[in-house]
Structures are given as structure tokens and as C-alpha cells.
Amino acid sequence: MYTTHSRYDIYAFIHKGLRACLTQTLLRVGRLDWTDSDDVAAAMDEVSDMLDFCRQHVAKENTYVHAAMERRRPESATTADHEHEHHLRDIEALEVQTFTIRRLPVLRREDAVTTLYKALAVFVSVNLEHMAMEEREHNRILWDTHSDQEIMAIEHAIVASQSPEDGQRALRWMLTAMQPTERAGFLSVLRQSAPAEVFDGLLQMLRIHLSERDLIKLYAALGMGRRPLDYVGMA
Ligand SMILES: [Fe+2]
């Protein structure tokens, strides 16, 4: 369930989560009511969080994935390194825009929000292309130069290096973006190693973000007898 083309795909779930976060944030800004100060503040928080997610992702790929590729095949990550430098500059520019919008008086917000929306659309587009390149080119290099066990070890090092907050955010986007069978498989494995309170916390989070239909499928797959909505409000 964690592999494509019979090899382990280190990008599969984290990129699925990033695509969900990027596109959902773009839609959020596209439909933002710029006259509603509370809604503007909440949306700018979401944009900032998405940008931070992207920044953390770039850092982890540089430190763990690109370094591993370069050790076995020098210069194999040069293109992606350069693209990551562009992403970091884009993130900085978008952060300046969100910082400005938070402080603008209401009558001056409309143009700034439209400008941010269009800049985000380009950012999302560039990131979607970049992730497709990594899944196509980097996986080919990783599969040529590393065993699946070695690729999983790279992923474990990334997970171990994350702060609890960054880990929670990554799981929130990955788990809600997965297919039901992927989600159940991922959580079944996690359940064996994670503390019970961490696992229960993830289920609580999913009760907020998943549909009842997907929750019922998840609880059935995990062998949890009660209907998921019976648990709402119990934690
Ligand atoms: Fe990347």
C-alpha cells in the first residue's frame, strides 16, 4: 500500500497532503470576503500555515532526500535544489503579502487580496509541477541507488526530526487527502507504534475533517465496533 511500481514511493503521501493544502488554501483565498476582518485574519493564518508547511517540507527534502541522492549520485539533486531556492523566495514574498493584508484598512484590501490570490495560483502551479518532477525523476534515482529499506530509513529520519506540531500538521493533511484504504493501512501501522493518546488524538482530528461515510469506512477497517459519530464529544 506504500509503494508504486512495486518500489517504495517516499513522496506519495506527503505530496498528496501538500497538494491538498496548497489547493485548499488557494480556494480559501479565492472566496475570501475581504470586508470581513475576522475572515481575513483567519484566511491569512491559513496562508501562513501553508507557507510554513512548504518551507518545512523543502528543508526536510534538502537535508535528507537530496543529501542521500547526492551521496550516491553526485549532482543528481541540483535541479531540485535550485527550484527549492526559488520556492523559498516565493514563500518569503507571499508572507510579506499576507503580513500587509492583515494590516490594511478594509477599503484598501480588495486589490491586495486579488493580487495575493493570483500569486498563490502561480505558486501552487509551480509546486505541482515541481512535485511531479520529483516523483518522476527523483524516484528513478532513489530506486536506482537505494533499496526500499534505505528509502524507508530516510523517511524515518525525516519523521524523527520533526517537531510534534509539524508532525501533526503533516498527518492532518496527509490523512485527510488519502484514499480510504490508504488511510486505514497507514493508521493500522501507526497504531502499532504510536502511544494510545497520540492515536486517539489523530482519530479526534479526523472526526473534524472527514465525512461520516469515510469515518465509517475507517472505523470498520480498524475493527472499531462503534459508529464514529458515537465518539463525538467524548474526548
Ligand atoms: Fe521538493
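**Helix packing briefing**

Helices here are DSSP runs of H or I with at least four residues, numbered from the N terminus. This is a predicted model, where local features need pLDDT of at least 70 and side-chain atom pairs count only at pLDDT 80 or more, while totals for chains, interfaces and linings use all residues. Residues are numbered from 1 along each chain as its sequence is written, and side-chain values use heavy atoms, leaving out hydrogens and water.

**α6 and α8**
- The axes of α6 (residues 164-177) and α8 (residues 196-209) come within 10 Å and cross at roughly 50° (axes are lines fitted to C-alpha atoms over the stretch in contact, with angles from 0 to 180 degrees between N-to-C directions).
- That makes α6 oblique to α8 (under 35 degrees is roughly parallel, over 145 roughly antiparallel, 65 to 115 roughly perpendicular, and the rest oblique).
- On the α6 side, Q168, L171, R172, L175 and T176 make the contact, and α8 brings L202, M205, L206 and H209 (contact means heavy atoms within 4.5 Å).
- By class, that contact of α6 with α8 has five nonpolar, three polar and one charged residue (Ala, Val, Leu, Ile, Met, Phe, Trp, Tyr, Cys and Pro are nonpolar, Asp, Glu, Lys and Arg charged, the others, Gly among them, polar).

**α6 and α7**
- α6 packs against α7 at about 135°, their axes 8 Å apart.
- This pair, α6 and α7, is therefore oblique too.
- From α6, L171, M174, L175 and T176 meet R183, F186 and L187 of α7.
- The contact of α6 with α7 splits into five nonpolar, one polar and one charged residue.

**α7 and α9**
- α7 (residues 180-193) and α9 (residues 212-221) pack at about 40°, with 9 Å between their axes.
- α7 and α9 are therefore oblique to each other, and their crossing is right-handed.
- P180, R183, A184 and L187 of α7 touch D214, K217, L218 and A221 of α9.
- The contact of α7 with α9 counts five nonpolar and three charged residues, with no polar ones.

**α4**
- α4 (residues 109-145) runs for 37 residues and reaches 51 Å from its first C-alpha to its last, close to the 54 Å expected at 1.5 Å a residue (1.5 Å times one less than the number of residues).
- α4 bends by about 30° at H138 (the angle between axes fitted to the seven residues ending there and the seven starting there).

How values were computed: Helices (H or I, at least four residues) and strands (E, at least two) are DSSP runs, numbered from the N terminus. A crossing is left-handed if the near helix is turned anticlockwise from the far one by less than a right angle, and right-handed if clockwise.
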